[in-house]
Each structure stands twice: as structure tokens, then as C-alpha cells.
Amino acid sequence: MPHDHHDNDLDEMTALTRALETVLVEKGLVDPAAIDAIIETYSNDVGPRNGAAVVARAWTEPDFAAWLEQDATAAISSMGFTGRQGEHMRALFNADGVHNLVVCTLCSCYPWTVLGLPPVWYKSPPYRSRSVRDPRGVLEEFGTKLPEDTDIRVWDSTAEMRYLVIPQRPDGTEGWSAEQLAALVNRDSMIGTALADAP
Amino acid sequence: MLNLSEFPDAPPFEEPWQAQLFALTVALNEAGHLPWPEWAQAFGRRRAQGVDDASDYWPHWAETLSDEVTRRGIAGAEDIAALAMAWTRAAHATPHGFAVTLENDPMR
């Protein structure tokens with residue numbers, strides 16, 4: 001038999017979320033099956049491994065890298081990673097003397113299809129403000145030290161435009177396969193707060 | 001000042017309601033009822049007052065969706081509040097170990 005002190009307690013946020021869902025489902029504006037599918041996708045399937053596959057392919061296939069530079073939306077979607085909100089993608093290639101860093105100063109716009117959902121720090125006000133004001137300081141906080149003369153370019157994401165940083169291929173990886181290389185591409189290197197791992 | 005590298009590397013959703021809320025918003029967008037740039041503007045206005053550790057991120061998301069639902073005339077704020085109360089009552093009336101459904105609300 002159930003006991004009173006064992007009853008279910010909904011916290012305020014859960015109750016509000018369920019209320020919103022009830023409204024939207026009862027009005028026929030969203031399909032409950034679609035909600036479940038989205039949860040499944042973002043909890044399990046989508047993550048930085050997608051982006052790492054894009055980067056590793058760019059490192060090993062010059063034609064793909066050129067396409068990525070010219071039309072990242074199409075090149076990335078050709079690998080089956082398609083934006084859901086109609087956003088455009090742009091690939092930012094790091095090079096000797098040039099380092100790219102991505103932020104969303106407005107909220108937390110982020111290339112979900114290639115990186116999954118953003119880490120907590122990416123959503124935090126300190127990162128959103130300081131990456132623009134003091135990108136070198138932010139990079140150092142992440143343990144990423146760049147030569148003094150490296151030009152750090154900061155890119156502010158929007159609902160319409162998302163960025164993927166293509167880090168430089170690490171030295172000592174000549175002859176590696178795309179699969180081997182992808183393992184060196186960490187999430188933060190595709191946001192720009194880190195470099196790709198050393199082999 | 002918070003050191004950015006010391007933020008916890010949390011999973012995408014720390015609580016089930018966050019996943020539900022996120023999916024609900026994306027589903028509403030994909031069904032053509034919430035243009036994403038408008039969502040980002042509205043969410044960004046709330047996030048402008050965010051706390052440093054971003055712990056208010058998902059509550060802000062919920063408040064933004066709630067506002068968008070009322071602003072678009074889908075439901076009134078009082079309807080949403082009443083439904084949230086109904087869900088809370090339904091949960092209290094549901095024996096432990098059973099799924100909470102709105103039908104369990106004794107006042108429904």
C-alpha cells in the first residue's frame with residue numbers, strides 16, 4: 001500500500017515543463033513522439049564525435065577541406081550532420097599565426113549538429129563577456145598558450161550562423177587515418193579554447 | 001572570479017525536465033510555430049541577466065518558452081500556472097512507484 005510520506009513531489013521546474021508540454025500537445029502544436037525522438041538524439045547520438053569526424057576528414061582530404069572552407073553548411077550536411085534550425089555553418093581554419101575562438105555573447109548559440117549541446121562554461125556570463133574582451137586571458141585560463149604574435153579572432157555565433165573551428169593538425173601524425181586522427185580532436189579544440197591533442 | 005576551466009563537465013541534461021523542455025522547444029520550432037531567431041532574441045534577453053555559474057540557464061529557458069507561449073496567444077499565463085498546479089496535485093495523488101499522469105489530479 002502506498003504511504004502518504006512516499007507520495008511524488010514535483011519540483012517547480014518539472015511542473016512548469018509538464019504544463020507547457022500539456023498545452024502544446026493538447027493544442028496539437030507538437031507531437032509527443034517528436035519530443036521523445038529529440039531527447040533521444042541529443043542525449044545519445046549527437047556529440048563532439050561528429051565534429052571530430054569533420055575535422056579529421058578536412059585534415060586528410062584537401063578537396064573536402066576546400067569545400068568546407070567554401071560552403072561548410074553543404075560539406076557538413078553531406079556527412080549526415082544537418083542543422084535543425086535552418087542555421088548556416090562556417091568552418092574557421094586555424095593556421096600558423098591565426099587562432100579562432102567561438103562564443104555566443106547573446107545566449108548560447110552553438111553548432112549542435114557537430115558538437116552536441118554546449119558545455120556549462122560556454123553558457124556562462126564570464127565566458128560570454130571575457131572571450132570578447134580578453135580572449136588571450138580566456139585561452140590561458142584553459143591552459144592554452146599561444147605565441148605572442150598569433151592573431152586571435154573571436155566569432156560571435158547567432159541563431160542563423162554557427163561556427164566550427166578546424167584546429168591545426170598535430171605534428172607527428174603523418175600517415176594517420178582519419179579515424180586515428182579523429183581521436184585527437186577534442187571538443188574544446190573545435191570551440192577554440194584548446195588545441196587538438198598531441199599524438 | 002570563476003576559473004572557466006573549473007566548470008563541471010556536466011552531461012547535456014542534468015535533470016529530466018531540462019531534456020523535456022529542450023525537446024519541447026525544438027519540436028515547436030520544427031513544427032513551424034517558433035522561429036529560431038525570435039527564440040534566440042527572447043532567450044538572450046533573459047540570459048543577459050544570468051548568474052556567473054550558469055545555474056539559471058534552464059530556468060531561464062523555461063521562463064522564455066512560457067513567455068513565448070503566452071505572447072503567441074497559444075495559452076494564457078494563468079492557464080499555464082493552473083496546469084502546473086494540476087500537475088503538482090496529480091503528483092501528490094499518485095502512489096510512489098507509479099507514473100504521474102494529469103488524470104490523477106483530484107480536481108480535474
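**Notes on the predicted model**

1. A:Cys107 belongs to the loop that lies between S2 and H6 of chain A. This is a predicted model, and the remarks that follow should be read as describing computed values. With a relative accessible area of 3%, A:Cys107 counts as buried, because that value falls under 20%. Leaving aside its neighbours within four places in sequence, A:Cys107 is in contact with A:Arg128 and, on chain B, with B:Ala40, B:Phe43, B:Gly44 and B:Arg47.

2. A:Cys104 sits in the loop between strand S2 (98-103) and helix H6 (112-115) of chain A, and its relative accessible area of 0% makes it buried. Once neighbours within four places in sequence are set aside, the residues in contact with A:Cys104 are A:Cys109, A:Tyr122, A:Arg128, A:Asp156 and A:Ser157.

3. In the unreviewed UniProt entry, the annotation "binding site" covers A:Cys104, A:Cys107, A:Ser108 and A:Cys109. From this set, A:Cys107, A:Ser108 and A:Cys109 are part of the lining of the largest cavity. The annotation comes from the record and may be inferred rather than shown by experiment.

4. Turning to the core, the largest nonpolar core holds 99 residues, among which A:Leu68 and B:Phe22 touch the most other members. Helix H1 (residues 16-30) of chain B supplies the largest share of this core, namely nine residues. In soluble globular proteins, nonpolar side chains tend to be buried together. Apart from neighbours within four places in sequence, B:Phe22 is in contact with A:Ile38, A:Tyr42, A:Trp112 and A:Leu117 on chain A, and with B:Phe13, B:Trp58 and B:Trp61 on chain B.

5. Is B:Ile74, in the loop between helix H3 (57-71) and helix H4 (77-92) of chain B, buried or exposed? B:Ile74 is buried, because its relative accessible area of 12% is under the 20% cut-off. Its contacts, again leaving aside neighbours within four places in sequence, are A:Val23, A:Leu24, A:Lys27 and A:Leu29 on chain A, together with B:Val69.

6. As to confidence, chain B has an average pLDDT of 91, and 98% of the residues score at least 70. Within chain B, confidence is lowest in H4(B), where the mean is 94, and highest in H3(B), at 97; these are the two helices on either side of the loop that holds B:Ile74.

Key: Residues numbered from 1 in each chain as written. Chains lettered and ligands numbered in written order. Predicted model: local features only at pLDDT ≥ 70, side-chain atom pairs only at ≥ 80, totals over all residues. Heavy atoms only, no water. 1 Å grid on protein atoms, 1.4 Å probe; cavity = no way out; pocket = protein on both sides within 12 Å on 5 of 7 lines; lining within 4 Å. Helix = DSSP H or I, 4+ residues; strand = E, 2+ residues; numbered from the N terminus. Buried < 20%, exposed > 50% of the residue type's maximum accessible area, 1.4 Å probe, protein only. Contact = heavy atoms within 4.5 Å. pLDDT = per-residue confidence, 0-100. Core = buried A, V, L, I, M, F, W, Y, C linked by side-chain atoms within 4.5 Å.
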